[in-house]
Amino acid sequence: MRSRRLKRLLVVVASIVATALSAFAADTDFPYVKGEIIVRMSAGTTAQQAALFAASQGLQLQRPMRTPGFFLFRLPDPGVPNERALTQEKIDQLRQNSSVQLAMPNYLAEKFQTPNDPMFGPQTNRQWNLFQIGLPGASGAWAVHLGMAGVDVVDIDDMYFTGHLDWLDASNNTRLLPGWNPIDGTTNVDPDFPPTGTDFTHGTMTASVIVAGTNNGLDMAGVTWEGVKLFPIAVYVLSFANIYDSYQKIIDNNNLPGAIPYYALNMSYGAFNPDAPSPGFFNQMVAQGTIPVAASGNSRPFPAGFPASFPMVVSVGATQFASGTKGVPTSYSSPGSADGTRKVDLAAPSADTSAGVVSLAYTASGTGTTGGGGTSYACPTVVGAIALLASAGMPRGDIVDALKSTAVVGPGATKPNLDTGYGEIDVAAAMTFINPRIDPITPSIDNAEFSYQTVNFEFRMFKVRASGPAPTVTVRKQDLSHSFVLNPSNYTVTVDGSDPRIVHVKGKARLSEAGSFDEGDWEIVVEGTEQAPGSSIVTGSRKIRVVYVVVPSGQSMVSVGVSIGGTSSPPGGRKPDSVYPGAQIFRWVPTGTGSYASYNPAQPNTQPAGFTPLDAEIIRATQPGATVIETPQNGPFGIGLWITSNSPSVMNFEEGPEDGVLWYRIKLRPGWNQVGNPFPYPVDWGNCLIVKIPSMEMIPIPTAATQAIVRPQLFRYELGLGGLKSYTWQSAPSGQLVPWESHWVYAFQECWLHVPPIPGIVRGRNVDHPIRGGGWMTQMRVTSGAYSDTRNFFGMTANLNETFDRIAKPPATPDGLSAWFTGNDQMRFAQDLRELSPRREEWRMTVRPNEPNADVTLSWNEVVAPPSRLRMSLRDMATGQLITMQPNGTYTFRSDENMSPREFVLTSQPDAVGRLVVSGVRIGGGSRSGGAFTIQYNLSSDANVSIRILGNSGKAIAELENRGRSAGPNSVVWNGRTTDGVSVAPGVYMVEITAETASGERARTTTPITVTR
């Protein structure tokens, strides 16, 4: 049936097409949506910026597209009489703009559905095409495989009758996945969006060819019987803007965590002209494993269109029923071109004047079938064949080559040829190309790095015997210097429950059994015998790389995420000193007020700084819903330690991570907790959970932070710039538990930290902490010799959030060098931001030296610069010295014999209006008996103040002070004596007060003082 809503076939006047084959005069000579232009700008361009840019070009922003940087512009009035010329003018104008990477009309694609001669054969013979490509029968492709769950394909078309009963297989399982509609972003793919009353949809037809229910007693049979599912994308208007969004949706879905990429994409549409963006989308899909398949077109003798002619797309033409003769092109199927710019790769049967074929063009009632054909029908036939071959075990990269190798061309035709490419597909013959093979599953890639000697492996064997003889596993160095055959007790051989031709070999390979546990390149080789009738030897291998973890010299926070047992371990497992020989080992014990415990080699592993301390509570689950929780006995999973070593420590473990662990839980006590990563790979902090006590409710860490259960920050002791280590942190959901390291976590109350075995992507070191909501921030660094504490921040921010802006400081490192800000609650902070305001503000900072009589240097830099009229100063409370801090600078002091903490006051204040002023000088006290005088004065701003007593000659006879003073009232006492301690004679003297700010502004005043006896 021909729908009124379908676009006309891509058939144009011969003179116009002849012109098209050479060169078009304008972009708008191709079909496009009137007045609409696709524009590509930089990926960081926002919708607001694009709207402003469109307005500057006399256009409107229709909408941002799904791919970053792509936008759909339009004329303000697409209905103007000169729209075509105006659209071309705007495209030319945009292409001259340096901000535009691409400008093109929003082209329309054609749906290659109805042939030019839709005559069909008897109802009983309306699926002759399935016989012609070799599906039914004892030797047919269906005898090998009917379709497997997990093999999904995707179809971009107009709409889909999702309620039709023939989407169900014989077991009443639906063959359609929840779809997607790029126009409104919903899962609504049915024909009621946006039209109503139609009784045919092109998408229903193309999808039914692939996944219509087979052997279910209803209507037609699909190329795949069962298992395979189809993801429908409904593009009612086949404009390129909607199509590009659909391509990006496929790429995004393929990239979802744990997703199996779609095996093939069906595109039963096309356009005569190529477009620039499409190859980029298709290249991404191909890299993900998705095979793009497109119809060549129904415009014979004019050549195939696009996307079929792009080199990475499989172009499909249509062949006819010709009394059992294969490979004869239909009267309408578009061929390739002699210059190679247009192509056909494969062909599949479809309707022509000589035969009919059933397609699922559903009625409005949602039942029944009607007839259809065209390259639109041939294209999904090839997609269905791809799904069948994938289900049968053929690797993605081999499928198209297998179809080409076994395809059949028409009588007298060459292979390949312009009409049908490599020929009409023969799925039964392609099935024979699925050779016995052994494929590695785990490790997932070659040359994966491992930090331990025992490596888990899994191989998938296809058409290889499970027994008689059983497969063998060999572990060897790639240079063949060491090799051994793994004991069968170390692996299992299991026949797949859904396919008896598939066997899984799974186990552990311990390198030390080869007589070596050296770092370097190793290989795991599985060898088996082909199933009957053959008896050839089949092999598969996976290369691995062993690189042991090295903890550098100096001080580090460490953990172990593997079992510490093994054949060479003593009873009870290895102890910390065997892993970190010669190092000093400490552990923070969170009970009570918290303190460090040092490791004693003479004591058992259960000591506070051992691998299995009695005070630590760490549990694990190995079964879903397990009620019995096991305590790890063979490893320090979740235990965090400090080590200080004069030389690097190589962590060489015989065992790997524990098998079958579903999660670990680490008890957090009130206060600071030193937590180790229980796995040898990064675990995202955002994937961890908090388990409340006693309810055992599991909640995300940000939620637990709002409920005052934990702080959301995760701290590391990380190597930074200049080779210095310091605490860094990130707030959930950011941050990672880094393998082989331990971390600081602060808990307000007792709870459990739930750590799942979900590997994260390895991330780089933490970046500088951004300031939220506007304001300013300064970083304070403290260094002394080889030690440092560099990540300390203070400043002001708008919309202060105590949880994320005031970051508590973890315990000092065992070496002792530490700096912190002290709040009014005496809490120590690594970051102390205040609410943004113009008032004067003070921060109290403490520095604790780690060595006596050593230089300690404070340095600072502006992470976010303060306002230009804001003065920043640092005062050493031990000496009174006042230092300007803008913009950057340093200050060095000498620690004392007792390494006493040094106090500093950091001040920010707005510039005073007018000059520095010393005012309000008043003198009180004094007597004839030589009593003391009190000299009072006011400062308009912070300054270093010098106060002297001057004699009659103007020379100073006494110096009372020379130190930093705060703005406001101040005072000093004079005892009436000279600097040498001699009482001055009665008379009139002068009090000189000189003030100087950190920026160099000076003020001076003198006041008489009378001494009587």
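A charge sits over a ring if NZ of Lys or CZ of Arg is within 6 Å of the ring centre and within 35 degrees of the ring normal. This is a predicted model: local features need pLDDT of at least 70, side-chain atom pairs count only at pLDDT 80 or more, and totals for chains, interfaces and linings use all residues. Residues are numbered from 1 along each chain as its sequence is written, and side-chain values use heavy atoms, leaving out hydrogens and water.

**Exercise 1.** Find the ring under the charged end of Arg665.

Solution. Start at Arg665. Its charged end sits over the ring of Trp663, 3.9 Å from the ring centre. Now go to Arg806. Its charged end sits over the ring of Phe829, at 4.2 Å from the centre.

**Exercise 2.** Classify the aromatic pair of Tyr247 and Phe281.

Solution. Take the rule first. Rings of Phe, Tyr and Trp (its six-membered ring) pair if their centres lie within 6.5 Å; planes under 30 degrees apart count as stacked, over 60 as edge-to-face and the rest as tilted. The structure holds 39 such aromatic pairs. Next, place the residues. Tyr247 lies in helix 6 (residues 240-254) and Phe281 in helix 7 (residues 278-288), so the pair ties together parts 34 residues apart in sequence. Helices are DSSP runs (H or I, at least four residues), numbered from the N terminus. Both Tyr247 and Phe281 are buried, that is, under 20% relative accessible area (1.4 Å probe, protein chains only).

**Exercise 3.** Classify the pair of Trp672 and Phe715.

Solution. The ring centres of Trp672 and Phe715 are 5.7 Å apart and the planes stand at 85°, so the pair is edge-to-face. Both Trp672 and Phe715 are buried. Ring pairs link them into a cluster with residues including Trp588, Tyr717 and Phe793.

Note on methods. Helices (H or I, at least four residues) and strands (E, at least two) are DSSP runs, numbered from the N terminus. Buried means under 20% relative accessible area, exposed over 50%, partly exposed in between (1.4 Å probe, protein chains only).
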